[in-house]
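Good morning, everyone. Please have a look at the model on the screen.

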Amino acid sequence: AYNAESGENRNQTRDIDVLFLGKLNKRRSELLSNVVGQLEREGFRVSIVSGGCFGEARTALLNRTKIVLHLHKYPWDTPWMRWALASACGAAVVSEPLSNPRPLTPGLHYVEAQLEDLPDTIQRLLQEPNRLTAMAEECAEFLREHMNSRRAAETILRDLFERPESADRGDLPLEPQSA
């Protein structure tokens with residue numbers, strides 16, 4: 001959930017074009033090698049941080065970053081924490097396609113691109129600093145409003161104390177049925 005520990009945008013100079021922040025596995029390492037190689041050959045500054053970056057150090061790093069790159073650790077990844085951390089600090093997110101992007105919207109809250117298109121997509125976006133800023137702000141606002149601790153607690157309480165709709169329609173038996 002989005003909270004105060006996600007960080008803050010300090011509106012400072014962003015000297016890191018692309019940052020990958022996360023644990024490396026074989027898949028991520030191979031994909032990063034390709035993406036980073038292409039971007040560095042074009043003169044872009046790319047950083048990979050695979051551990052030990054928390055709190056103030058993470059906030060400072062993200063405030064130097066233009067784009068945070070997301071690569072799935074697992075196919076079922078739900079990487080919303082990465083979006084919360086990046087957008088809170090004013091960095092945009094570029095990702096390979098998500099299996100289920102809801103509740104976020106690709107193109108509005110972040111950019112998706114096929115793996116082979118990530119380097120070109122990132123290069124084009126780095127030429128559009130206003131778009132990157134607007135996307136990070138839109139994502140941060142959405143997460144503050146819709147994916148916060150208060151909203152999560154409200155959803156849990158509602159689910160605990162309200163009868164499911166299906167029970168009202170008679171779809172589910174209210175008493176155990178004998179065989």
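Let's begin with W80. At 15% relative accessibility, W80 counts as buried, because buried means under 20% relative accessible area, with exposed over 50% and partly exposed in between (1.4 Å probe, protein chains only). A word on the source: this is a predicted model, where local features need pLDDT of at least 70, side-chain atom pairs count only at pLDDT 80 or more, and totals for chains, interfaces and linings use all residues. Residues are numbered from 1 along each chain as its sequence is written, and side-chain values use heavy atoms, with hydrogens and water left out.

Helices here are DSSP runs of H or I with at least four residues, strands are runs of E with at least two, and both are numbered from the N terminus. Why does that spacing matter for direction? An α-helix has 3.6 residues a turn, so residues three or four places apart point the same way.

W83 is at 0% relative accessibility, so W83 is buried. Rings of Phe, Tyr and Trp (its six-membered ring) pair if their centres lie within 6.5 Å; planes under 30 degrees apart are stacked, over 60 edge-to-face, and the rest tilted. W83 sits in helix α3 and Y110 in the loop between β4 and β5, so the pair ties together parts 27 residues apart in sequence. Y110 counts as buried too, at 0% relative accessibility.

How many aromatic pairs does the structure hold? There are two. The other joins W80 and W83: their ring centres are 5.4 Å apart and their planes at 70 degrees, so that pair is edge-to-face. W80, W83 and Y110 form one aromatic cluster.

Stay in the loop between β4 and β5 for a moment. P103 has its place there. The peptide bond from R102 to P103 is cis, with omega near 10 degrees. Now look at N11, in the segment before β1. N11 is not a glycine, yet its phi is positive, about 50 degrees. For background, most residues other than glycine have a negative phi, and most peptide bonds are trans. N11 is exposed, with a relative accessible area of 66%.

Next, the pockets. On a 1 Å grid over the protein atoms alone, a cavity is a set of points where a 1.4 Å probe fits but cannot get out; a pocket is an open set with protein on both sides within 12 Å along at least five of seven lines; lining residues have an atom within 4 Å of a point. Grid points are joined across faces, edges and corners, and a volume is the space filled by probe spheres set on the points.

The largest pocket holds about 460 Å³ of space. It has 21 lining residues, and L21, G22, K23, R82 and L85 are the closest to its centre. Two or more lining residues come from each of α2 (55-63), β3 and α3 (80-88). Which element gives the largest share of that lining? It is α3, with four residues.

The second largest pocket holds about 230 Å³. Its lining includes N11, K66, L126 and E137. Helix α5 gives the most to this lining, four residues.

Now helix α4, residues 118-126. Seven of its nine residues are buried, among them L118, I122 and L126. The buried residues of α4 pack against several elements, including β1 (16-21), α1 (26-41) and α5 (129-146).

E138 is partly exposed, with a relative accessible area of 36%. E138 and H109 are 29 residues apart in sequence, but 6.0 Å apart in space, C-alpha to C-alpha. Leaving out residues up to four places away in sequence, E138 touches L108 and H109, where contact means heavy atoms within 4.5 Å.

Last, the whole chain. The protein chain has seven helices and five strands. Along the sequence, the pattern reads β-α-β-α-β-α-β-β-α-α-α-α. Of its 179 residues, 42% count as buried. Among contacts between residues at least 6 apart in sequence, 74% join residues at least 24 apart. Thank you.
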